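Trainee: I've got a new model to look at and a few quick questions. Please take me through it.

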Amino acid sequence: MEKRRILTGILLVVIGIFVTSNIYTLIPLYPEIGKAMGIPAKEAGYGSTAFTLFYACGLLLCGPLSDRAGRKKVMVAGLFLSAFTTFFVSLAQNPAQLYLFRGLQGFTLASFAPAAFSYSFELFRDRERPFWLALINAGFLCAGLLGQIAGFALADYGGWTSVYLFFSIAYGILAFLSVSLLPPSSFFGNKEGISRILREMALLLKNRTLAQCYALVSTLLFSFVAFYEALGYVLPASSEKFFQVRALGLAGAFLSLFTGIFIRRVSATRTLLAGISLSGSAAVMLLFSETAFSVGLVSVFFVSGISLLIPTVIHLIGNKSGPMRGKALSLYSFLLMAGAALGSLAAAMFPYKIVLFFIVLLFAADFLIARNLR
């Protein structure tokens, strides 16, 4: 049984990386798609906007759906559907089709995260659960770089459509592996109506601890995405320096692997405060970092703090939400991605230094919230 849990954890991490990578695969393809469809590269970028919006909506719905149908069923069905919707993206011939198919792709891929988090709470024991949650989230953060690298490499080999043909096949393979390798969930589903599900999700916000956690959640990917996208306007996203800086910074994601140790030894609240202090201090230092090397070096600490915060917040929400865990983690995932979308918007609207100043203010507010967490 121990070996099967380890195999299950590895499979969840791999699926998480492949799922999250597609948030970013389109970014390096904007110029090529724009040229192929006869539109400006900026308009090709609306495909990422469509993906993010539908992905966020899917996250909000798939947690309650996993409560009703079961975790494994939702993950497996979502992967099979994602194989088809990702294939459709490769068939897009015009902007309207690109936006539609990317939106559908985002919606089906959203089936993974909330179901997988709830599944982890049911499958893994208390001592090992933080490790696997942290590893899944480290994969999510690393996918920000890996997705863009995959987009570049595959498009260079066979054109932009080959990117989505590759991921379509990968999702199909992962779906079949999930059918055979993932153990049954201990959750047997319930038959709640949609109106009751929505009422219960609203009630989650009346729980003070959960509301405080959700306030923290909304700032985490906002800070991560806003920093890197704003940096991309200073160092072009296709440049070698940008990838070097991002690769160096993402090394900090592996601090998340020690989240379980920190939580057991110093408590979840103190782990939150440590993560906020680390990222907040790094954001202040980034304001005064002028070279690509210094930015990359400081970003290690910035990402380390965020990678520590995300699994800790998941741990708190999962433990505090009880039988409504699926709904609670679905709302968590939605707010996390909503923050990412707002971060992208802020990076496009404001200069790099102003974005960093916003991030510093957010972490200062997060510190006050965490200090009063109950």
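**Rings, cysteines and helix packing**

Trainee: What's the relative accessible area of Phe-18?

Mentor: Phe-18 comes out at 23%, so it counts as partly exposed. The cut-offs are under 20% relative accessible area for buried and over 50% for exposed, with partly exposed in between (1.4 Å probe, protein chains only).

Trainee: Before we go on, what kind of model is this?

Mentor: A predicted one: local features need pLDDT of at least 70 and side-chain atom pairs count only at pLDDT 80 or more, while totals for chains, interfaces and linings use all residues. Residues are numbered from 1 along each chain as its sequence is written, and side-chain values use heavy atoms, with hydrogens and water left out.

Trainee: Got it. How many aromatic pairs are there in the whole structure?

Mentor: The search finds 15. Rings of Phe, Tyr and Trp (its six-membered ring) pair if their centres lie within 6.5 Å; planes under 30 degrees apart are stacked, over 60 edge-to-face, and the rest tilted. Phe-18 and Phe-167 make an edge-to-face pair, at 5.9 Å between centres and 65° between planes.

Trainee: And where in the chain do those two sit?

Mentor: In distant parts: Phe-18 is in helix α1 (residues 2-21) and Phe-167 in helix α9 (residues 160-181), 149 residues apart. The helix names come from DSSP runs numbered from the N terminus (H or I, at least four residues, for helices; E, at least two, for strands).

Trainee: Is Phe-167 buried or exposed?

Mentor: Buried, with a relative accessible area of 3%. Its ring also pairs with that of Phe-166: the centres are 5.3 Å apart and the planes at 85°, so that pair is edge-to-face too. Phe-166 itself is partly exposed, at 38%.

Trainee: Which residues make up a ring cluster?

Mentor: Phe-224, Phe-227, Tyr-228, Phe-302, Tyr-352 and Phe-363, linked through ring pairs.

Trainee: Switching topic: how many disulfides are there?

Mentor: Zero in the whole structure, going by cysteine sulfur atoms within 2.5 Å. As for cysteines, Cys-57 is partly exposed at 43% relative accessibility, whereas Cys-213 is buried at 0%.

Trainee: Now helix packing. At what angle do α15 and α17 pack?

Mentor: About 35°, with the axes of α15 (residues 292-321) and α17 (residues 352-371) 14 Å apart. Axes are lines fitted to C-alpha atoms, for helices over the stretch in contact, and angles run from 0 to 180 degrees between N-to-C directions.

Trainee: Which hand is the crossing of α15 and α17?

Mentor: Left-handed. The rule is that the near helix is turned anticlockwise from the far one by less than a right angle; clockwise would be right-handed.

Trainee: Which residues meet there?

Mentor: From α15 you have Val-295, Phe-302, Ile-306 and Leu-309, and from α17 Tyr-352, Ile-359 and Phe-363, with contact meaning heavy atoms within 4.5 Å. They split into seven nonpolar, no polar and no charged. Ala, Val, Leu, Ile, Met, Phe, Trp, Tyr, Cys and Pro count as nonpolar, Asp, Glu, Lys and Arg as charged, and the others, Gly among them, as polar.

Trainee: How does the α5 and α7 contact divide up?

Mentor: Arg-71, Val-74 and Met-75 in α5 meet Phe-112, Ala-115, Ala-116, Ser-118, Tyr-119 and Glu-122 in α7. That gives six nonpolar, one polar and two charged. The helices, α5 (residues 71-90) and α7 (residues 112-123), pack at about 145° with axes 9 Å apart, and their crossing is left-handed.

Trainee: Back to Phe-302: what does Ala-282 touch?

Mentor: Phe-302, along with Val-298 and Phe-301, leaving out residues up to four places away in sequence. Ala-282 is in helix α14 (residues 268-287) and is buried at 0% relative accessibility.

Trainee: Last one: what is the phi of Ser-267?

Mentor: Positive, about 90°, although Ser-267 is not a glycine. Ser-267 lies in the loop between α13 (259-266) and α14, partly exposed at 30%.
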